[in-house]
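Subject: Handover of a structure, with notes

Dear colleague,

My notes on it follow directly after.

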There are 2 protein chains.
Amino acid sequence: MRIGIIGAGQLGRMMALAGIPLGLEFAMYDRSRDVPGAAVADIATGRFDDRSRLARFARGVDVVTFDWENVPVASARAIARIRPVWPPPRALEVAQDRLSEKRIFERNGIAVAPYAAVDTAADLERAVAALGAPGILKTRRLGYDGKGQVRLVRARDARDAYARLAGQPLIYERLVKFSKEVSLIAARGRTGDVETYPLAENVHTDGILAITRAPWPDTRLQRLAERNHSRLMRALGYVGVLCVEYFVERGRLVANEMAPRVHNSGHWTIEGAVTSQFENHVRAVAGLPLGSAAPRGHAVMVNVIGAKPRARELLGRPGLHWHDYGKSARPGRKLGHVTFVTGGRASRDRVARQLRRRLIPQR
Amino acid sequence: MRIGIIGAGQLGRMMALAGIPLGLEFAMYDRSRDVPGAAVADIATGRFDDRSRLARFARGVDVVTFDWENVPVASARAIARIRPVWPPPRALEVAQDRLSEKRIFERNGIAVAPYAAVDTAADLERAVAALGAPGILKTRRLGYDGKGQVRLVRARDARDAYARLAGQPLIYERLVKFSKEVSLIAARGRTGDVETYPLAENVHTDGILAITRAPWPDTRLQRLAERNHSRLMRALGYVGVLCVEYFVERGRLVANEMAPRVHNSGHWTIEGAVTSQFENHVRAVAGLPLGSAAPRGHAVMVNVIGAKPRARELLGRPGLHWHDYGKSARPGRKLGHVTFVTGGRASRDRVARQLRRRLIPQR
């Protein structure tokens, strides 16, 4: 079976590395051939809104998935008329707009931060008056890694904040005073079977994921997050890996956003779980049974961002796993990640602190 | 860094799958493009004795290794004048001839079965008279998976046995009454650093490896095998993964043969060890530090030979890992393997029995 992936970044690359051992074949579609996926698959090139090129690509594969949630929904729907597309285009559509994302969370009984849609300066003033400050004004579409966001410390910041993002649909959210950020990842197969990873705890730096530690053991919140996931996946007719990111606010889970794809906060599963998120995603998309998502010890994953240390130095620590995405260095760019898995939480956390000092620029 | 692999079978494929995440690039050379490695690397084609094609291939990479121990030694030496070749061609030369293999074992104090070189019918009669029967007459070169071997039950079988293999250099070995077959795999880096996997226990069917279970816990024999390995690797100036297969005869290790490459009895290390034999081999060849060879639980690996079960059925057992080499089915051909890793020996052995019944034709 040949799987087509729209987008050939590191996520597509890691999907193919996980799927090739299963006997699956991969083709990828991206804007250029100079992409991480090129090491493991043929790359077809074209714009993401070029429906005739996308159609030609789709006809050459058996099933289509994506490694990027901003594939135009119209393109995904056009492909779905030619070949099965998983996750379903509807999941892309919901995840591409913070307002529809909030609404699907609410419709499924999932707590979110107080919010209001903002299309004008007056909308924002009303929202701030009703919900209070501090808060964050965000673009509804195409935000990621902290881009397209302005923080309002006080109500009187509203005018400046609006000026910086005006001209596109926005959303104002009251700031959540969270103690932790966590995420849940699960895979759902074509027959509705589900494999759920344990909650992971995430730390962001400048809006970009820096460190994930897993499992993050909290039986009550794990159950709650699994219930949420189960409702969302059923509502969307979901197939593949889904990630939901949460804030933990006074023992409650407040949903921040969802990613209808494999997710950076699940990279630890390559070495830290029986079956990785990448393998389970391609198994789901290919209609194969899912593998166990049980953790294998305690894992820490640290992103390598902006500048790449020498592999020789990274690998000098026995037990460290290095994943180089094959990208050239550029400030703020995710270039790779390292993972360390150990038997105990204390030793894992010691290594996490060392890796953090070593790999993440301190301010 | 670009690594060239002579031979693009499943071993080359698994090397590339392990090395791509480290940021390494791969090119392979084989007789045809219809090879397992084609999924993960560009394939250059040519005969293994075509020195000009091999030279062109070598000039396009930084370092050369092989996934097959019968690469002609003259070819390996020619390549070594252009690019570093690891393991060293001398290791190929020794491993390609059962007589020189026995001699290097003996020179390094490693026990072997009583043997004699056989070039004529009279040689064989003398050998059987001196060493006794039962025994095995083997071709000195190009034997693998039980091919090129004839068993002598009684001394009077000598004439028939000789007739079947005559015309090439032979060796007669007295049969070892072994209780187990085990193998040791270690990797040696360019600076002489070594990472050693635990002993694995192997079961062969019709001369082909069927099942490996690891770790095979015997502290005394582990130490002995490590000492042997260390002597051999130093004697050969070895870089890369080396495997030595042993018979266990009354608590002694009797060396059977060595493989100067990653080995089927180490496939369990992909999921069963912190760093797989494939990753450690490419790390060694690339001059990178080695990763920990410590086991992660108790593993069983079962080869899939001759006929391929449906992935859907194999993967129905949660926790099972399936490695499809992407080859077409043919009797006696290794098409893939499955691995299962668990926390305890008893549960591992239960799964091993089930997999054996399921995957290995019973006679």
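**Cysteines and disulfides**

Across all chains, a search of the whole structure finds 0 disulfides. Please bear in mind while reading that this is a predicted model. A disulfide is, in general, a covalent bond between the sulfur atoms of two cysteines. Two cysteines may be noted here for their surroundings. A:C243 has a relative accessible area of 1% and is therefore buried, the limit being under 20%. In chain B, B:C243 is likewise buried, because its relative accessible area is 0%.

**The sheet of chain B and its helices**

Chain B contains an open sheet of 4 strands, arranged in the order β3-β2-β1-β4, with parallel pairing. Which strands stand at the edges? They are β3 (42-45) and β4 (63-66) of chain B; each has a single partner strand, so one side of each is left without a neighbour in the sheet. From one strand to the next, the twist averages 30°.

Strands of a sheet pair through backbone hydrogen bonds, and they may do so in a parallel or an antiparallel manner. Within this sheet, strand β1 (residues 2-6) of chain B pairs with strand β2 (residues 25-30) of chain B in the parallel sense, over 5 bridges.

Helix α1 (residues 10-19) of chain B lies across β1, β2 and β4 of chain B, and runs at about 170° to β2(B). Helix α10 (residues 277-285) of chain B also lies across β1, β2 and β4 of chain B, and its angle to β4(B) is about 145°.

**The β13-β14 hairpin of chain A**

In chain A, β13(A) and β14(A) run antiparallel and are joined by 7 bridges. The two strands form a hairpin with 2 residues between them. Across the pairing, A:Y246 stands opposite A:A255 in β14(A). Is β14(A) largely enclosed or largely open? Of its 8 residues, 6 are buried, so β14(A) is largely enclosed by the rest of the structure.

The turn of the hairpin deserves a separate look. A:R250 lies in the loop between β13 (240-249) and β14 (252-259) of chain A. Although A:R250 is not a glycine, its phi is positive, at about 45°. A:R250 counts as exposed because its relative accessibility is 75%, and the limit for exposure is over 50%.

**Further backbone features**

B:D206 is placed in the loop between β11 (200-205) and β12 (208-214) of chain B. With 56% relative accessibility, B:D206 counts as exposed.

The peptide bond from A:A214 to A:P215 is cis, with omega near -5°. A:P215 belongs to the loop between β12 (208-214) and α8 (219-236) of chain A. In chain B, a cis peptide bond joins B:A133 and B:P134, where omega is about 0°. B:P134 is found in the loop that lies between α6 (121-131) and β6 (135-139) of chain B.

**Helix packing in chain A**

How do the helix axes cross in the pair α6 and α7 of chain A? The axes of helix α6 (residues 121-131) and helix α7 (residues 158-165) of chain A come within 10 Å and cross at roughly 135°. The helices α6(A) and α7(A) are therefore oblique to each other, and α6(A) passes α7(A) in a right-handed crossing. On the α6(A) side, the contact is made by A:A121, A:L124, A:E125 and A:V128, and on the α7(A) side by A:A158, A:R159 and A:Y162.

Another packed pair is formed by helix α2 (residues 51-59) and helix α3 (residues 73-80) of chain A, whose axes are 10 Å apart and at an angle of about 40°. That angle makes α2(A) oblique to α3(A). The crossing of α2(A) past α3(A) is right-handed. In this pair, A:R51, A:L54 and A:A58 of α2(A) meet A:A74, A:S75, A:A78 and A:I79 of α3(A).

With kind regards

How values were computed: Residues numbered from 1 in each chain as written. Chains lettered and ligands numbered in written order. Predicted model: local features only at pLDDT ≥ 70, side-chain atom pairs only at ≥ 80, totals over all residues. Heavy atoms only, no water. Disulfide = S-S within 2.5 Å. Buried < 20%, exposed > 50% of the residue type's maximum accessible area, 1.4 Å probe, protein only. Pairing = 2+ DSSP bridges. Axes fitted to C-alpha atoms, helices over the stretch in contact; angles between N-to-C directions. Parallel < 35°, antiparallel > 145°, perpendicular 65-115°, else oblique. Left-handed = near helix turned anticlockwise from the far one by under 90°. Contact = heavy atoms within 4.5 Å.
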